[in-house]
Amino acid sequence: MRNFFKFAERNTSYKQETLAGVTTFLSIAYILVVNPLILSQAGMDSGAVFTATALTAIIGTLLIGLLANFPIGIAPSMGLNSFFTFSVCIGMGIQWEVALTGVFIAGVIFMLLSLMKIREKIITIIPLDLKYAIAAGIGFFITFIGMKNGGLIISNPDTFVSIGNLTSPSTLLAIFGLVITIVMLVRGIRGGIFYGMIITTIIGMMVGLINGPSQIIGSIPSLKPTFGVVFSHLDQIFTPELLAVIFTFLLVAFFDTAGALIALASQAGMMKGNTVPNIGRALLADSTASAVGAILGTSTPATSVESSAGIAVGGRTGFTSVVIAACFAIALFFSPILSVITLEVTAPALIIVGALMAMEIRKIDWSRLEIVIPSFLTIIMMPLTSSVAMGLAFGFILYPLCFLAQKRYKEIHPIMYVLGLLFILYFAFIV
């Protein structure tokens, strides 16, 4: 087992990997609650979606751990489940069965692109400075999510966002968790992020801010309402509206996953020069999870940026992913316990992990304007638009444009120009 996951080469241990896996699971366990809530608004059975969410996470996470040896979790994407429900099903009036078929088709196309190594090729040709910008941008995005979840920032009609109510008990709990986690980390306590979440949960339950679970073991809901419905609606996907939806799922999921993989691999110290070892296998695992998830009954899964919490604790191999998958399997039977993992508990972890990922910003060449502008906009647009793909869009359009303006177009790979044009068309006809 140690040799298979290359423990010695990556300087890790069973204890370190297990702690990382549990930390990542606790950071993304909310998806088991939130995903059914969102997709049920499209008319889907929430119980079936819960089971589909867990099984998709188990399959995708095991695949990326065993095939690519990545310490990463795969789970349904929060952005794409919202797009599925509110834009496609409610906004466009498309039945969820047909929309889910669109997700399946996009997943199959993903698999073909991965097997043909087209996705791997695209990720490889992304300039190194943009890769650092992607990692830093996701860091800012994660911190923004954490602050929002913890109530430290709130929406404001005049200034868009503003400081939250710092005297609110739930916000105070998040602040307490943030402070205690920071103290443990700066004192060099390994696993400080994990211990911070545990301590915050215990304190929250002691003061009555977090309710204890009403029961320990729950029954597993049936998959029958959603399983396999995609095969009954394949003849309904050839409409202009649904083809546009499939293209959107492809484009957004493609670059969400690419951005997350680059950022997480960089954080874990896995990047070698401008390449990520086993990136092709990781992409195949992700695309396979997309197709399988649609068959089971959930919207598009993606590489989870919350995996950065486990990497920060010390996750370095696919054994971390095996632990994450095992936790999701256990959660199928012990779903009532998930109620104690509130947003206030995970908020400190996301804030701190975002800070750690933002350290990649120092590797960008800030002395060259043609690099600074696209890199900066890649970073800033991720938190401002709540979309990794949108940040990438600005970078992919502006990076080749800046080099064209300097008549240095030969220094940019031709695929970068194609991607820039695709994003321009995306903005013009879909957004």
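## Helix pairs

Helix 3 (residues 31–40) and helix 4 (residues 46–68) have axes that come within 8 Å and cross at roughly 135 degrees. This angle makes helix 3 oblique to helix 4, since an angle counts as roughly antiparallel over 145 degrees and as roughly perpendicular from 65 to 115. The crossing of helix 3 past helix 4 is right-handed. These values, like those that follow, come from a predicted model.

A second pair consists of helix 2 (residues 14–28) and helix 10 (residues 192–206), whose axes come within 9 Å and cross at roughly 50 degrees. Helix 2 is therefore oblique to helix 10, because angles count as roughly parallel under 35 degrees and as roughly perpendicular from 65 to 115. Here helix 2 passes helix 10 in a left-handed crossing. Two packed helices are described in general by the angle between their axes and by the distance between those axes.

## A nonpolar patch on the surface

Six side chains deserve attention at the surface: Phe247, Val418, Leu421, Leu422, Ile424 and Leu425 form a nonpolar patch there. Together these residues have about 480 Å² of accessible area. The element that gives the most to the patch is helix 18 (residues 414–429), with five residues.

Leu425, a member of the patch, is found in helix 18. Its relative accessibility is 39%, so Leu425 counts as partly exposed. The term applies because this value lies between the limit for buried residues, under 20%, and the limit for exposed residues, over 50%.

## Salt bridges

The count of salt bridges in the model comes to five. One of them joins the side chains of Glu360 and Lys363, with 3.3 Å from N to O. The two partners can be described by their accessibility: Glu360 is buried, with a relative accessible area of 8%, whereas Lys363, at 35% relative accessibility, counts as partly exposed.

Another salt bridge links Arg368 with Asp365, and the closest N and O atoms of this pair are 4.0 Å apart. Arg368 is partly exposed at 28% relative accessibility, and Asp365 is partly exposed with a relative accessible area of 25%. A further salt bridge brings together the side chains of Glu411 and Arg408, at 2.9 Å from N to O. Through salt bridges that share partners, Asp365, Arg368, Glu370, Arg408 and Glu411 are joined into one network.

Ile182 has its place in helix 9 (residues 169–186). With a relative accessible area of 39%, Ile182 is partly exposed. Along the chain, Ile182 and Pro348 are 166 residues apart, while their C-alpha atoms are separated by 8.8 Å.

In sequence, Val292 and Gly73 are 219 residues apart. In space, the distance between Val292 and Gly73 is 16 Å from C-alpha to C-alpha.

Conventions: Residues numbered from 1 in each chain as written. Predicted model: local features only at pLDDT ≥ 70, side-chain atom pairs only at ≥ 80, totals over all residues. Heavy atoms only, no water. Patch = residues over 30% accessible without salt bridge, like charges linked within 9 Å, V, L, I, M, F, W, Y side chains within 5 Å. Areas by Shrake-Rupley, 256 points an atom, 1.4 Å probe, with all protein chains shown as cover. Helix = DSSP H or I, 4+ residues; strand = E, 2+ residues; numbered from the N terminus. Buried < 20%, exposed > 50% of the residue type's maximum accessible area, 1.4 Å probe, protein only. Axes fitted to C-alpha atoms, helices over the stretch in contact; angles between N-to-C directions. Left-handed = near helix turned anticlockwise from the far one by under 90°.
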